[in-house]
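This report describes one protein structure for a reader who is new to the subject. Please keep the sequence and the three-dimensional view at hand while reading.

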Amino acid sequence: MLQNLFFGAFVIALTVIVHTLGLMAVTHFMTWFVGRVRLHGRRSRVLAMITVVLGVFVVLSIEVWIWAMAFVILGVVKDIETAVYFSTITFSTVGYGDVVPAHEWRQFAALEGVDGFLLIGWSTAYLIAAGIRVGPFRTGEHF
């Protein structure tokens with residue numbers, strides 16, 4: 001059980017670093033991109049949100065792949081295709097149950113669900129903030 005917690009804490013720390021740097025990169029890219037691509041002579045709020053959503057999706061996908069690679073390296077599942085599928089449904093907390101981890105790595109796999117829940121929540125907060133600051137949901141305009 002300790003090795004599950006040790007490796008789980010390591011992968012969680014890695015994904016938090018990726019998430020932090022990734023959201024910073026998304027913010028910078030969105031600012032740069034929207035500043036150069038103008039629609040009707042103005043910055044597009046919708047284009048800003050599309051850029052942010054796609055960027056967040058890329059960041060979350062990288063994190064799913066980090067977990068998938070850990071599953072393959074540790075022998076939690078048998079191959080990379082299964083690892084990516086299992087990681088995606090675990091990270092998103094869907095958990096179909098058609099693929100199960102090796103018995104000795106169940107706790108490790110469960111930690112991915114907690115990590116995914118937190119990182120997806122963080123991403124949601126980021127999207128709301130972006131929608132209010134630069135996107136189409138500026139305070140007082142729609143609500």
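Arg 106 is located in helix 4. With a relative accessible area of 49%, Arg 106 is partly exposed; buried means under 20% relative accessible area, exposed over 50%, and partly exposed in between, with a 1.4 Å probe and protein chains only. Arg 106 and Arg 45 are 61 residues apart along the chain, and their C-alpha atoms are separated by 43 Å.

**Basis of the model**

The model is predicted, so local features need pLDDT of at least 70 and side-chain atom pairs count only at pLDDT 80 or more, whereas totals for chains, interfaces and linings use all residues. Residues are numbered from 1 along each chain as its sequence is written, and side-chain values use heavy atoms, with hydrogens and water left out. The term pLDDT denotes the predictor's confidence in each residue, from 0 to 100. For the protein chain the mean pLDDT is 90, and 92% of the residues reach 70 or more. Confidence is highest in helix 3 (residues 80-91), at a mean of 96, and lowest in strand 2 (residues 42-43), at 66. Where pLDDT is low, the predicted coordinates should not be read in detail.

**Overall architecture**

Four helices and two strands are found in the protein chain. Helices (H or I, at least four residues) and strands (E, at least two) are DSSP runs, numbered from the N terminus. Their order along the sequence is α-β-β-α-α-α. The C-alpha trace spans about 60 × 30 × 25 Å along its principal axes. Of the 143 residues in the protein chain, 38% are buried.

**Helix 1 and its residues**

Helix 1 has 35 residues, which at 1.5 Å a residue should span 51 Å; the end C-alpha atoms are 50 Å apart, in agreement with that value. The expected span is 1.5 Å times one less than the number of residues in the helix. Which residues of helix 1 are buried? They are Asn 4, Gly 8, Val 11, Thr 15, His 19, Gly 22, Leu 23, Val 26, Met 30 and Val 34.

Thr 15 counts as buried because its relative accessibility is 0%. The C-alpha atoms of Thr 15 and Asp 115 are 8.2 Å apart in space, although the two residues are 100 residues apart in sequence. Ala 25 also belongs to helix 1, but at 44% relative accessibility Ala 25 counts as partly exposed.

Two packed helices are described by the angle between their axes and the distance between the axes. Here the axes are lines fitted to C-alpha atoms, for helices over the stretch in contact, and angles run from 0 to 180 degrees between N-to-C directions. The table sets out two helix pairs.

| Helix pair | Axes come within | Crossing angle |
|---|---|---|
| Helix 1 and helix 2 (residues 45-74) | 9 Å | roughly 155 degrees |
| Helix 1 (residues 2-36) and helix 4 (residues 106-133) | 10 Å | roughly 20 degrees |

Helix 1 is therefore roughly antiparallel to helix 2, while helix 1 and helix 4 are roughly parallel to each other. Angles under 35 degrees count as roughly parallel, over 145 as roughly antiparallel, 65 to 115 as roughly perpendicular and the rest as oblique.

The crossing of helix 1 and helix 2 is right-handed, and helix 1 also passes helix 4 in a right-handed crossing. A crossing is right-handed if the near helix is turned clockwise from the far one by less than a right angle, and left-handed if anticlockwise.

The contact of helix 1 with helix 2 contains 22 nonpolar, six polar and one charged residue. In the contact of helix 1 with helix 4 there are 12 nonpolar, eight polar and two charged residues. Ala, Val, Leu, Ile, Met, Phe, Trp, Tyr, Cys and Pro count as nonpolar, Asp, Glu, Lys and Arg as charged, and the others, Gly among them, as polar.

**Two further residues**

Leu 74 is placed in helix 2 and is partly exposed, with a relative accessible area of 22%. Leu 74 and Gly 116 are 42 residues apart in sequence, and their C-alpha atoms are 19 Å apart in space. Thr 93 occupies the loop between helix 3 and helix 4. Although Thr 93 is not a glycine, it has a positive phi of about 60 degrees. Its relative accessible area of 47% makes Thr 93 partly exposed.
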